[in-house]
Amino acid sequence: MTEAAELPPAPEEARTVFGEYFPEAVRYAELLADVGVKRGLIGPREVPRLWERHLLNCAVLSEVVPDGVMVCDVGSGAGLPGIPLALVRRDLKITLLEPLLRRTNFLQEVVELLGLDHVTVARGRAEEVLGKVQPVHVVTARAVAPLDRLAGWGVPLLRPYGEMLALKGETAEDELKSARAALGKLGVVDTSILKVGEGVVEPLATVVRVEVGESPGGVRFAAKRAKAARTGRTRRRR
């Protein structure tokens, strides 16, 4: 059995980024390095680079999230990027959406332990909660799926003129090119690639921004949303 890697001390950049919630960020890192590895939520090889590659890489997403909006973190997994984002942005109302029970259990434990009152954990797939949850201003995601598939899950959860912010790596530009046709069918009106985290992470974090118009998800998902809403009203009357 391989001995678990040791979590390195937090870099100075983490103190700056997380500010008064730096102790909570340290606790979260410790949980990921311990319970997260034991439960298979992250690989043991990720522990030495938890701060730079994971917590800080996700926290800098806050640079492009508007003030005071509702956010849904799709496929939240171990809480990345949702929890680092929640630690630096108390003005947001964040839902961590994750289909696997062992992951939602971990997320709920973390949310309660860190006192993240502005964060809700929801179990389910994006396509399952469509029409059952309130549309959000921003959908976030990291390492969930290729952009075309991810957009098919995340974009329909947006309110009109909302945006999806996907943390991507070196393949961002290629993924965006390949997904343009699919994005157009989903009601996307604009896309861009942003670099965030200057002075915090190296290399800079890459974010693909996907903005929608009046019909997030396109015509097909608008009909699906309307049907789900009608079903919900019928059930409430009963």
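## Second largest pocket

In this predicted model, the second largest pocket has a volume of about 200 Å³. Its lining consists of Met70, Cys72, Lys93, Thr95, Leu97, Thr120, Ala122, Val129, Val133, Gln134, Val136 and Leu157. Two or more of these residues come from each of strand 1 (70-74), strand 2 and strand 3 (119-123). Strand 2 is the main contributor to the lining of the second largest pocket, with three residues.

By class, the lining of the second largest pocket has eight nonpolar residues, three polar ones and one charged one.

## Largest pocket

The volume of the largest pocket is about 980 Å³. A total of 40 residues line the largest pocket, and those nearest its centre are Leu80, Arg142, Ala143, Val144 and Leu167. The lining of the largest pocket divides into 18 nonpolar, ten polar and twelve charged residues.

Several elements each give at least two residues to the lining of the largest pocket: helix 3 (50-59), strand 2 (93-98), helix 6 (126-129), strand 5 (158-168) and strand 7 (205-212). Helix 3 provides the largest share of the lining of the largest pocket, namely four residues.

## Helix 5

Helix 5 covers residues 101-114, and its 14 residues should span 20 Å at 1.5 Å a residue.

Which residues of helix 5 are buried? They are Thr104, Phe106, Leu107, Val110, Val111 and Leu114. These residues lie on the same side of helix 5, because they cover an arc of only 160° around the axis. Among the elements that cover the buried residues of helix 5 are helix 2 (22-38), helix 4 (82-88), strand 2 and strand 3.

## Gln108 and the end of helix 5

Gln108 is also in helix 5. From Gln108 to Thr120 the separation is twelve residues in sequence and 8.1 Å in space, C-alpha to C-alpha. Thr120 is one of the residues that line the second largest pocket.

After helix 5 comes Gly115, which has a positive phi, near 70°.

## Cis peptide bonds

Most peptide bonds are trans. Where are the cis bonds described here? One joins Leu80 and Pro81, with omega about 10°. Pro81 is in the loop between strand 1 and helix 4, and Leu80 is among the residues that lie nearest the centre of the largest pocket.

Another cis peptide bond runs from Glu202 to Pro203, where omega is near 0°. Pro203 is placed in the loop between strand 6 (188-196) and strand 7. Strand 7 is one of the elements that supply at least two residues to the lining of the largest pocket.

## Tyr161

Most residues other than glycine have a negative phi. Tyr161 is not a glycine, yet its phi is positive, at about 65°. Tyr161 lies in strand 5, one of the elements that supply at least two residues to the lining of the largest pocket.

Is Tyr161 buried or exposed? Its relative accessibility is 57%, so Tyr161 counts as exposed, the cut-off for that class being over 50%.

Terms used: Residues are numbered from 1 along each chain as its sequence is written. This is a predicted model: local features need pLDDT of at least 70, side-chain atom pairs count only at pLDDT 80 or more; totals for chains, interfaces and linings use all residues. Side-chain values use heavy atoms; hydrogens and water are left out. On a 1 Å grid over the protein atoms alone, a cavity is a set of points where a 1.4 Å probe fits but cannot get out, and a pocket is an open set with protein on both sides within 12 Å along at least five of seven lines; lining residues have an atom within 4 Å of a point. Grid points are joined across faces, edges and corners, and a volume is the space filled by probe spheres set on the points. Ala, Val, Leu, Ile, Met, Phe, Trp, Tyr, Cys and Pro count as nonpolar, Asp, Glu, Lys and Arg as charged, and the others, Gly among them, as polar. The expected span of a helix is 1.5 Å times one less than its number of residues. Buried means under 20% relative accessible area, exposed over 50%, partly exposed in between (1.4 Å probe, protein chains only). The arc is that of the directions from the helix axis to the C-beta atoms. Contact means heavy atoms within 4.5 Å.
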